[in-house]
Amino acid sequence: MELKDLLAVVAAGALVTGCAATAAETETASASASSSSKGSAGPAFPSTYKAYASDNIVITGATIFDGEGQRFDNGVIFMSAGKIVSVGGPDTVIPTDSTIIDGTGKYVTPGIIDVHSHLGDYPTPSVAAHSDGNEATSPVTPEVWAEHSVWPQDPGFSRAMANGGITSLQILPGSANLFGGRSVTLKNVPARTVQAMKFLGAPYGMKMACGENPKRVYGGRNRKPSTRMGSLSLTRQTWINAQEYQKKRKGAKPPKRDLAMETLAGVLDGDILVHNHCYRADELNQIIDMSKEFGYKVTAFHHAVESYKIADILAKEEICSAIWADWWGFKMEAYDAIPENAALLQQAGACVIIHSDDENQIQRLNQEASKALADGRAMGIEITDAQAIQWITYNPAKAMGIADQTGSLKPGKMADVVLWNDNPLSVYSRPEKVWIDGAMLFDANDASRRPVSDFELGQPGEGDVK
Amino acid sequence: MKRFVTTFVSTLALMAVPAAAETIAITGGKVVVGDGSAPMDGATVVIRDGRVVAAGTNVAVPADARRIDASGKWVTPGVFAGFSRIGLVEVGAVRSTNDTNAADSVFSAALDVQYAVNPFAAPVAVNRAAGVTRAVVSPSTGKSIFGGYGAIVDLGEDSNPITKAKAFQFVELGETGHRRAGGSRAAAHILFRAMLNEARTYSRNPSLFDSDLMKASDAKALLPVINGSTRLLVHVESANDILKVLDLRKDFPSLKLVLVGANEGWRVANEIAAAKVPVLASALSDLPYSFEDLSATQSNIGRMKQAGVNVAIGMINDRDAHQLRYSMQYAGNLVALNKVPRATGLSWDEAFAAISSKPAEIMGMGDQLGSLKAGRKGDVVIWTGDPLELSTQVESVFIDGVEQSLSNRQERLRERYRNPTPGALPKAYDR
């Protein structure tokens, strides 16, 4: 239960987990084809995910939060063939030949989505042999892909589903590097291979980092960057190189394939979304100016504990803040974090996402959103319950480029749905059932609908409620 | 989590000397005594001279009491954090502000947190405002298996945080102990035994003491552990490590053991109960963080409780210097388990006791702290609702009968940036 981000440095003088950094074996991306290289056989490492069998399901009498700010009391939701068919109030037509679930006293939300997870690339057990999240051998590694580090047997995936109702999540490289590499978006479905978890059609993301981590990791080795200005110079120079590559790639004689440059050019072309780890308000603003210098867009600032200081700017720039409800004080750049960050952003009209970066809090993003909501209300900011649910459903989906497919309960979207046994904004609530593409993959009432990873098979506590 | 009502307090007020203890009657609230009994509606709590005089429905209000109407509110003992590093850390990664351990010190068991706990640290004010009033403060370990003396502290705004110094000794005997001792559990256990035996040698003739394992000060610090006058808090997680700790009393029969962490405690709950060893357990650990945590489950505390183990919630290595305000959320989650088939949680009353009277009792201070029974220190919190619920806010906090300021720098930052756009002058003038 160590802080993913940094605490290890305190105790050990060496960083071992999460957004911190440690030496990791070099992953050689052996792509024979790339999604961004024209004339190839198709996308590299294509998704092989297929939805599992689903029934026609109707839930009646539940309180429904649709993920886009709407609430239906005594609501009805109908799912069929893995899709949402209809959502509405008590007068919604209930189709025949469906399994009807009485949701009286219960709540329905879209599947919860975590925009910032290290499940699989920093899995449990968090032994050194599993430390695969930071290619901390160079501060510039846009060529690495998080999916080549993800261990599908991480027991954390099943906890995220059973306790947190997580149905989709973005796995990011860590924050040791200025350019950490590509992210991968997964459906939270147990699988033998990462490809069988990959969210079909999700755009790639690229992890970037500013602030303390890169300068600590490399400055400690007497390498660049050892300062924030060093970080910015190296980052800008890399973008200059990427612009040249992008230009050549569009020319008559395309350059030799280069994995790093393919990712960066993908960002400049608008195909790959930038997820930028950055804490301090002044640095967020520097990154915004850098993105304008090179003509790319920052989709979301992650861990942006000081977003509230520039909420007006973030609203204007339409950049999401992916944040914790109340983490603070674990390092200098997290010292000014306040629990009202989310509410102040919402008040300013900026995009709020509650994220985890943690194998524990991914199990209760609903509770984290609830705390952030309560802290906002306590200072007089009016936010509805349904808006707080949007922080952990539609808004992360939007930042991951999958909002047209999931993240809210709109007809035609994937039937990624959680039935909660109580209000998900209450501490006394837990998921009762979780559907992914209409397939019921968790049922608290049925021990056989609780996934058990290979790692936990035959171990003490196998199949326990956890 | 639990926030305070908006108050504007000047920097001067922050520096002010806290008010003296007064006679206070908090009337009409839903009162939770904290001893595991059910809440009482419309009850009164009377505090005088820094102590609870009475809490109940038939309590007379003294004529000289300041009356506080708590109708529609909840009134509870302050939250007692069963295991923490509060006051030892300002900024975790800023080493000069982090006093949890001293890997470069020549001392181990003799290190004493009472000299390091900083009552003016920002985390103390933040967690006080959230309703946490007392805490177990433990060192972590440097290069020895022993971390040193821990203390019981209050989170009051006054300058003396120490309720009980040298309240316990802390030792690592699980995976961390393996590492500290040089690379195996065998090494950890022989080191433990050797240090205690050499401490006995020290007690026979202090002037001749000469040990490769420790300084005389460390030996002296271990004597009250050996004779059981000081508790020994032992961090272990795995079922087997727990059993090996219980076995230590074969060689050292007077040890007053308390287990910390104990993620696999449920698997050996009967043995822990039979040994009458209490546990300060992590509430929501449910992943195999390491091989010592293979069977971790959120049902751990509930199952140990059912087996008769004396158990409270602690937060070892879990944001334990900054986020004691998670205590209420954690307790609430254990209540939530009651609705999950095959899971074992705690009743609401038990859950609140696990963050109030239970840790106080386990630390031997149940007659002084952790509940609203007559004679206990006047640590009282008034909440807007159910203190375990996420939407609930803190209205007032009393420590030793003194009403506390709820102001802190998070609140000040919030107010400065309520409107982020600078006005006629820069934000730096806005306070």
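This is a predicted model: local features need pLDDT of at least 70, side-chain atom pairs count only at pLDDT 80 or more; totals for chains, interfaces and linings use all residues.
What percentage of the 431 residues in chain B is buried? The share of buried residues is 59%.

**Overall build of chain B**

- The secondary structure of chain B consists of 12 helices and 16 strands.
- A compact globule with 431 residues would have a radius of gyration near 22 Å, and chain B agrees with this because its own value is 22 Å.
- Taken along the principal axes, the box filled by the C-alpha atoms of chain B is roughly 65 × 50 × 45 Å.
- Among contacts in chain B with a separation of 6 or more, 69% are between residues 24 or more positions apart.

**The eight-stranded sheet**

- Chain B has an open sheet of eight strands with mixed pairing, in the order S6-S7-S8-S9-S10-S11-S12-S13.
- Strand S6 (79-84) and strand S13 (311-314) of chain B are the edge strands, each pairing on one side only.
- From one strand to the next, the twist averages 30 degrees.
- Inside this sheet, S10(B) and S11(B) are joined by six bridges and run in the parallel sense.
- For a residue pair to look at, take His235(B), whose bridge partner in S11(B) is Val260(B).
- As background, strands of a sheet pair through backbone hydrogen bonds, in either a parallel or an antiparallel way.

- Helix H6 of chain B covers residues 239-251, and its buried residues are Ala239(B), Asp241(B), Ile242(B) and Val245(B).
- An α-helix has 3.6 residues a turn, so residues three or four places apart point the same way.
- The partners of the buried residues of H6(B) are strand S10 (231-236), strand S11 (256-261) and helix H7 (269-275) of chain B, against which they pack.
- Two of these partners, S10(B) and S11(B), are also the strands that pair over six bridges.

**Backbone details worth a look**

- Most residues other than glycine have a negative phi, and most peptide bonds are trans.
- Ala262(B) is not a glycine, yet its phi is positive, at about 60 degrees.
- This alanine, Ala262(B), sits in the loop between S11 and H7 of chain B.
- Ala262(B) counts as buried because 35 other C-beta atoms lie within 10 Å, where 20 or more are needed.
- Phe45(A) also has a positive phi, about 50 degrees, without being a glycine.
- The loop that holds Phe45(A) runs between helix H1 (8-12) and strand S1 (57-65) of chain A.
- Phe45(A) is partly exposed, because it has 19 C-beta neighbours inside 10 Å.
- Chain A has a cis peptide bond from Thr124(A) to Pro125(A), with omega near -5 degrees.
- Pro125(A) belongs to the loop between strand S6 (112-117) and helix H2 (156-164) of chain A.
- The bond from Lys224(A) to Pro225(A) is cis too, with omega near 5 degrees.
- Pro225(A) lies in the loop between helix H3 (212-219) and helix H4 (228-249) of chain A.

**Where chain B touches chain A**

- On the two sides of this contact are 49 residues of chain B and 58 residues of chain A.
- On the chain B side, the elements giving two or more residues are helix H9 (326-336) and helix H12 (409-416).
- The most comes from H9(B), which gives five residues.
- Sorted by class, the side of chain B that touches chain A holds 21 nonpolar, 19 polar and nine charged residues.

Methods
Residues are numbered from 1 along each chain as its sequence is written. Chains are lettered from A and ligands numbered from 1 in the order in which they are written. A residue is buried if 20 or more other C-beta atoms lie within 10 Å of its own, exposed if 12 or fewer, and partly exposed in between; C-beta atoms are placed from the backbone. Helices (H or I, at least four residues) and strands (E, at least two) are DSSP runs, numbered from the N terminus. Two residues are in contact if their C-beta atoms, placed from the backbone, lie within 7 Å. The radius of gyration is taken over C-alpha atoms; the globule rule is 2.2 Å times the number of residues to the power 0.38. Two strands pair if DSSP finds at least two bridges between them. Axes are lines fitted to C-alpha atoms, for helices over the stretch in contact, and angles run from 0 to 180 degrees between N-to-C directions. Ala, Val, Leu, Ile, Met, Phe, Trp, Tyr, Cys and Pro count as nonpolar, Asp, Glu, Lys and Arg as charged, and the others, Gly among them, as polar.
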